[in-house]
Amino acid sequence: MDTFSFIASALGVYVAIAVFTLGMAWRVWQWSHTPKSPARFALYPKPTTAGGRFAKLLKDTLIAPQSFEMAPGIMWAAMAFHLAALAAFVGHLRLIHEFTPLVNAFGMEWMNSFAGLAGGSAGIVMLIAVLYWIGRRTFGPYKNLSTPEDYLLLFLLLGIVVMGDHLRFVGAIHAPTYIAWFQSLLSFKPEFPPELAASGEKWALNWHMLFVDAFLIYFPFSKLTHAIGAFATNLVRSSD
């Protein structure tokens, strides 16, 4: 590996995972040691059974119907982005272990075609959502409320998605090569397979990973931890 490749696609990955894990553990420790208020903040009317309260908790956290009523455009973009990001995350699990039952049932060629279609669709949806958010904060009514952190996070997301889409739509290297690279990371012997090392796609991968590294490092200290905060808030609202 050349120096930039080693920093972005090897050392940076280890550092990012360590900072993300320790940072989120620190966040959780902070939340767990926050003094509890003696007041009750449950909203009424609310379900009377534990199952009903749990279902409402999931609904308010994952769907956020109140937010849909106040800002449907923003919430549709957020919902589409999160579903596409979840699909992309599941697809990236191939780097850890191939979906062997699907490969055995349909063949590797089908698997690569399906991954290309699903991953490409997810990448397009995420790109549209990020561009929408950038436009909303740059030209919309939220311009005066936007902070440098908002633009930094959107810039990192845009870099991740654009470089990921480049690998998906422009690159000619298939999953087994990327799996071999990622397996070298897991064995703590990072290296690019010869096909990837000799390809121009390694630069797209390096930039993709550099944005991912920066995003993971910054995540525990950013406002994006709102996902966990939203769960905690809705838990209080649905409690007895």
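**A salt-bridge network, a helix and a nonpolar patch**

Arg137, Asp150 and Lys223 are joined in a network of salt bridges, a salt bridge being a side-chain nitrogen of Lys or Arg within 4 Å of a carboxyl oxygen of Asp or Glu. The model is a predicted one, in which local features need pLDDT of at least 70 and side-chain atom pairs count only at pLDDT 80 or more, while totals for chains, interfaces and linings use all residues. Residues are numbered from 1 along each chain as its sequence is written, and side-chain values use heavy atoms, with hydrogens and water left out.

With Arg137, the closest N and O atoms are 3.4 Å apart. This pair links distant parts of the chain, as Arg137 sits in helix H6 and Asp150 in helix H7, 13 residues apart; helices here are DSSP runs (H or I, at least four residues), just as strands are (E, at least two), numbered from the N terminus. With Lys223, the closest N and O atoms of Asp150's salt bridge are 2.7 Å apart. Lys223 is in the loop between H10 and helix H11 (226–238) and Asp150 is in H7, so this pair ties together parts 73 residues apart in sequence.

How does burial look across the network? Arg137 and Asp150 are both buried, where buried means under 20% relative accessible area, exposed means over 50%, and partly exposed lies in between (1.4 Å probe, protein chains only). Asp150 has a relative accessible area of 5%, which is why it counts as buried. Lys223, by contrast, has 39% relative accessibility and so counts as partly exposed.

The structure holds three salt bridges. One of them brings together the side chains of Asp2 and Lys202, at 3.0 Å from N to O. Here too distant parts of the chain are linked: Asp2 belongs to the segment before H1 and Lys202 to helix H10, 200 residues apart. Asp2 is partly exposed because its relative accessibility is 26%, whereas Lys202, at 13%, counts as buried.

Next comes helix H8 (residues 175–186). Its 12 residues reach 16 Å from the first C-alpha to the last, close to the 16 Å expected at 1.5 Å a residue, the expected span being 1.5 Å times one less than the number of residues. Buried residues of H8 include Tyr178, Trp181, Phe182 and Leu185. The buried residues of this helix pack against H1, helix H6 (108–139), helix H7 (148–169), helix H9 (194–197) and helix H10 (201–218), with contact meaning heavy atoms within 4.5 Å.

Just after H8, Phe188 takes a positive phi of about 60°. Most residues other than glycine have a negative phi. Phe188 is placed in the loop between H8 and H9, and at 63% relative accessibility it counts as exposed.

Finally, there is a nonpolar surface patch of about 470 Å², made by Met1, Phe6, Ile7, Leu11, Val15 and Ile217. Patches are made of residues with over 30% relative accessible area and no salt bridge, with like charges joined within 9 Å and nonpolar side chains (Val, Leu, Ile, Met, Phe, Trp, Tyr) within 5 Å. Accessible areas come from the Shrake-Rupley method with a 1.4 Å probe; for residues, only the protein chains shown count as cover. Helix H1 (residues 3–32) gives the largest share of the patch, four residues. Phe6 is found in H1 and, at 37% relative accessibility, counts as partly exposed.
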